Amino acid sequence: MFRATIVSLVVVVVAALVTSSAGYQVKPANYAKLMEQQQKFDETFERDFYVEHTKYVETGVKSERLEELFEHMSSLGSMDMFRTETDNHPLPFLTLECTACRALLTTYLTYRRVLGWDRDRIAQQAATTCSTLNILTPENCLMLVNKNIDILLHIIDSRPSLTAQTMCGIIFQSGTCVLEDPAFLGWTINVAAGGRPITGSVTSPNRAASDLKIIHITDVHYDPHYRTGYNAVCGEPCCCREGQGVPANPAHGAGEWGDYRDCDSPWKAVEDAVRAAARQHPDAAYVYYTGDIIDHGVWETTVAGNIVSMTRTYQLFRDVFGSKPVYPVLGNHENNPTNVFAPSYIDRQDFSASWLYDFSADQWSSWLPTATQQTIRQGGFYTALVRPGFRIIGMNNNDAYTFNWWILYDPAYLQAQLQWLHDTLLQAEAAGEKVHVLAHIPIGAGTSYRTWARQYRRILDRFWDVITAHFHGHTHADEFNVFYALSNPQHAISVGFNGGGTVPYSNYNPNYVVYYVNSQTYQVTDFESWYFNLTEANQNPARSPIWTQLYSFSGDFQLANASPASLDSLVRRFAANPAELRRYWELKVKRGDPFLAAGCDGDCLLNHLCQIVTNEANDDSKCNALAAIFRNLDDELFRAESEDAQ
């Protein structure tokens, strides 16, 4: 998931590769001053890189200064940084990414706009930079650049006022990559007056025998190229694949049921997860699937290949769940190229996502009413009345992912789906319906375009008593997020539940989640996660994995229910009790053996705590309040907790 091209590509390549585990990085008290100093450094770096790189392309000789500049950016090639979303990268790495983005984009924009470089010259030089920084192998760098560059050049050529600062401000939304362009900040949607005032945090009934049961499966990331025994330590962003060969060291071979080491899922693991969920919960009323069927081999995806993988997966759901309704949404990996979702008015065939929307409309027709066809074919989103009083809205919020290049072309095109969401909620309110919102990317995460996130929060403030829960995927982490009112941040008004993922990429155990939902209010009263330990499963390859309950949330954390009010109180407990917070972290990473071996120190725990309450990029208000509590704990006690866990 992440960035690359004209950008010389650190942006297209990284964007395409970065995957899951949305996070948060707590800023130091002197952050503003540090960024002032960094801004001056970046300006000098940007200027020097352009001057020295221009000399290099003219003479073929790298100056000592250019070597220094490349050396400064060299850690961008540390592959383990491409396994997590950018908002989970350490602050020094985020700063470096922003520095590189500005320097590279400024240089390549000049090559295109001033020096008139053609498409092939831009592509070749971008691939060379990608290779120099060890982001991918030279061959895969060129493949990934070629998948994205025509779109990026079209955007850049069509928007001559688009600057490197604006582009990097959209992509990174942090550090010195500050978004200041009013065209990207000022758009808004129309929100109807009315609605019940928010007077406090939202409560819900406790779990009851009459609750509905809903299975949530997400992020299967089926890799048709996965081969047991093939190289799991391949030096590429996605391993365990047939083209990467059998390693000399058997310990480096891919496991039978998947592998922690940056590998996607073999088909037998996808099938086992879906069948296990159905077998263990035959009384479930509905199934939610929140996206990402396609693997992480982003440099070589094709429309035809994606169709084969998606068709096989959707057929599995039909075979296993039969007449049970399944409500799916699209993941950012489903399109080709990955992450890139063009406006509906872009009709150039090699740019348009219409093939994906038409395919999805056809595949989902066995689960969804005919009335959903129009919006699915228009933009991959829909609404469906599940039963009287209960409605689902399936969003395609991949268009607001910061690595969707088309935001740079026309940020206002995102208004249309948000306005449709608002209007649909207005109709649901009038009909007395409650709504579950399904979306692949966690709403408000650091990789959600901030203007979009702010407009979504306006909608949620207005319809807080209509939307009773959100369901997400994308991060592969078993986590939740609490939404707070814009009008009064003390009031918790909704919760986003994340289904984790059945794929182990990277370092996770596979899981799915089951929710208990009140049959009158349609609020989530409790939830539980089911998983298997990948190490144990691969040590017994001849039998199927043993699925067990990872947790029952209310029971594990002594809560009456899973309402926004209860989870808000739990978050404040986490801030005051590192042992409880560490317990949450262990469950969030699904007790993945590599995570547990690495541990999570105080700063790590605080980042995970702040991620729960952050609803919009750069809105640190809730985090700062929790950090003040967390950092006032007795240092000696905290160290003891940290040492015990390791």
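Contact here means heavy atoms within 4.5 Å. The model is predicted: local features need pLDDT of at least 70, side-chain atom pairs count only at pLDDT 80 or more, and totals for chains, interfaces and linings use all residues. Residues are numbered from 1 along each chain as its sequence is written, and side-chain values use heavy atoms, with hydrogens and water left out.

His 53 lies in helix 2. Helices (H or I, at least four residues) and strands (E, at least two) are DSSP runs, numbered from the N terminus. Helix 2 covers residues 31–59, 29 residues in total. From first C-alpha to last it reaches 41 Å, close to the 42 Å expected at 1.5 Å a residue. That expected span is 1.5 Å times one less than the number of residues. Just after helix 2, Gly 60 takes a positive phi of about 80°. His 53 has a relative accessible area of 0%, so the residue counts as buried. Buried means under 20% relative accessible area, exposed over 50%, and partly exposed in between (1.4 Å probe, protein chains only). Leaving aside neighbours within four places in sequence, His 53 is in contact with Leu 66, Phe 70, Thr 107, Tyr 108, Tyr 111, Gln 125 and Thr 129.

**View B. Thr 129 and its polar partner.**
Thr 129 is found in helix 5 (residues 119–132). Its relative accessibility is 1%, so Thr 129 counts as buried. The side chains of Thr 129 and Tyr 108 are joined by a polar contact of 3.0 Å. A polar contact is a pair of N or O atoms within 3.5 Å; within protein, one must be able to donate a hydrogen and the other to accept it, and residues adjacent in sequence count only if both atoms are side-chain atoms. Cys 141 is twelve residues from Thr 129 along the chain, and their C-alpha atoms are separated by 8.8 Å.

**View C. Helix 4 against helix 7.**
Helix 4 (residues 91–113) and helix 7 (residues 164–172) pack at an angle of about 140°. Their axes are 9 Å apart. Axes are lines fitted to C-alpha atoms, for helices over the stretch in contact, and angles run from 0 to 180 degrees between N-to-C directions. The crossing of helix 4 and helix 7 is right-handed. A crossing is left-handed if the near helix is turned anticlockwise from the far one by less than a right angle, and right-handed if clockwise. Helix 4 makes the contact through Glu 97, Cys 101, Arg 102, Leu 105, Thr 106 and Leu 109. Helix 7 contributes Ala 164, Gln 165, Met 167, Cys 168 and Phe 172.

Six strands form an open sheet in the order 4-5-6-7-9-8, with mixed pairing. Strand 4 (382–387) and strand 8 stand at the edges, each with a single partner strand, so one side of each is left without a neighbour in the sheet. The twist averages 25° from one strand to the next. Two strands pair if DSSP finds at least two bridges between them. Strand 8 and strand 9 pair in the antiparallel sense over five bridges. Asn 481 has Gly 496 of strand 9 as its bridge partner. Five of the five residues of strand 8 are buried. Phe 480, Val 482 and Tyr 484 cover one side, and Asn 481 and Phe 483 the other. Helix 14 (residues 415–430) lies across strand 4, strand 5 (390–394), strand 6 (434–438) and strand 7 (467–472), running at about 180° to strand 5.

**View E. Helix 18 and its packing partners.**
Helix 18 (residues 564–576) has 13 residues and reaches 19 Å from its first C-alpha to its last, close to the 18 Å expected. Its buried residues are Pro 564, Ser 566, Leu 567, Asp 568, Leu 570, Val 571, Phe 574 and Ala 575. Among the elements they pack against are strand 8 (480–484), strand 9 (492–498), helix 19 (578–588) and helix 21 (602–613).

The peptide bond from Asn 336 to Pro 337 is cis, with omega near 0°. Pro 337 lies in the loop between strand 3 (326–328) and helix 11 (354–364). Another cis peptide bond joins Tyr 505 and Ser 506, with omega about -15°. His 474, in the loop between strand 7 and strand 8, has a positive phi near 80°. Lys 590, in the loop between helix 19 and helix 20 (593–598), has a positive phi of about 60°. Lys 590 is buried, with a relative accessible area of 0%.
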